[in-house]
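Please report on the fold of this protein, with its sheet, its helix packing and its ring contacts. Keep it short.

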Amino acid sequence: MRPGILAIAKEARRVEFTFLRTTLGLTAGDLSQHVAVLEEAGLITVEKGYEGRRVRTWIHLTKAGKQALLDEVAALKALIHQLENPPPDATR
């Protein structure tokens, strides 16, 4: 789920907590735990405020978060490449 949070946050200047929860199909508690870990790691920042009379929580991707996401995507691409192109002697 954490790469999903980073990917969604990368596409927007900021993303609202409820949007993330709904999009990723998580409970508020589960998302809160993931957000806390990402924030502690410095990959996102969390902003709390009001929109009208409603309390809102917004997630922002940091530069470190963007780099972590790019690194994760590169690692996944390398893994897929290995799976799709096994060495000739690995076909036993």
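## The sheet

Strands β2 and β3 run antiparallel and are joined by eight bridges. β3 covers residues 54-61, and β2 covers 44-51. Across this pairing, T45 faces H60 of β3.

The open sheet has three strands, ordered β1-β3-β2, with antiparallel pairing. β1 (15-16) and β2 are the edge strands; each has a single partner strand, so one side of each lacks a neighbour in the sheet.

## Confidence

This is a predicted model. The mean pLDDT of the protein is 94. A pLDDT of 70 or more is reached by 97% of the residues.

Confidence is highest in helix α3 (residues 28-40), with a mean of 97. Confidence is lowest in β2, where the mean is 94.

## Helix packing

Helix α1 spans residues 2-10 and lies across β1, β2 and β3. Its direction makes an angle of about 95° with β3.

α1 also meets α3. Their axes come within 10 Å and cross at roughly 75°. Angles from 65 to 115 degrees count as roughly perpendicular, so α1 and α3 are roughly perpendicular to each other. On the α1 side, R2, I5 and L6 make the contact. On the α3 side, L31, H34, V37 and L38 make the contact.

## Ring contacts

Which ring does the charged end of R14 sit over? The ring is that of W58, and the charged end of R14 is 3.9 Å from its centre. As for aromatic pairs, the structure holds zero.

Definitions and conventions. Residues numbered from 1 in each chain as written. Predicted model: local features only at pLDDT ≥ 70, side-chain atom pairs only at ≥ 80, totals over all residues. Heavy atoms only, no water. Phe/Tyr/Trp six-rings, centres within 6.5 Å; stacked < 30°, edge-to-face > 60°. Lys NZ or Arg CZ within 6 Å of the ring centre and 35° of its normal. Pairing = 2+ DSSP bridges. Helix = DSSP H or I, 4+ residues; strand = E, 2+ residues; numbered from the N terminus. Contact = heavy atoms within 4.5 Å. Axes fitted to C-alpha atoms, helices over the stretch in contact; angles between N-to-C directions. pLDDT = per-residue confidence, 0-100. Parallel < 35°, antiparallel > 145°, perpendicular 65-115°, else oblique.
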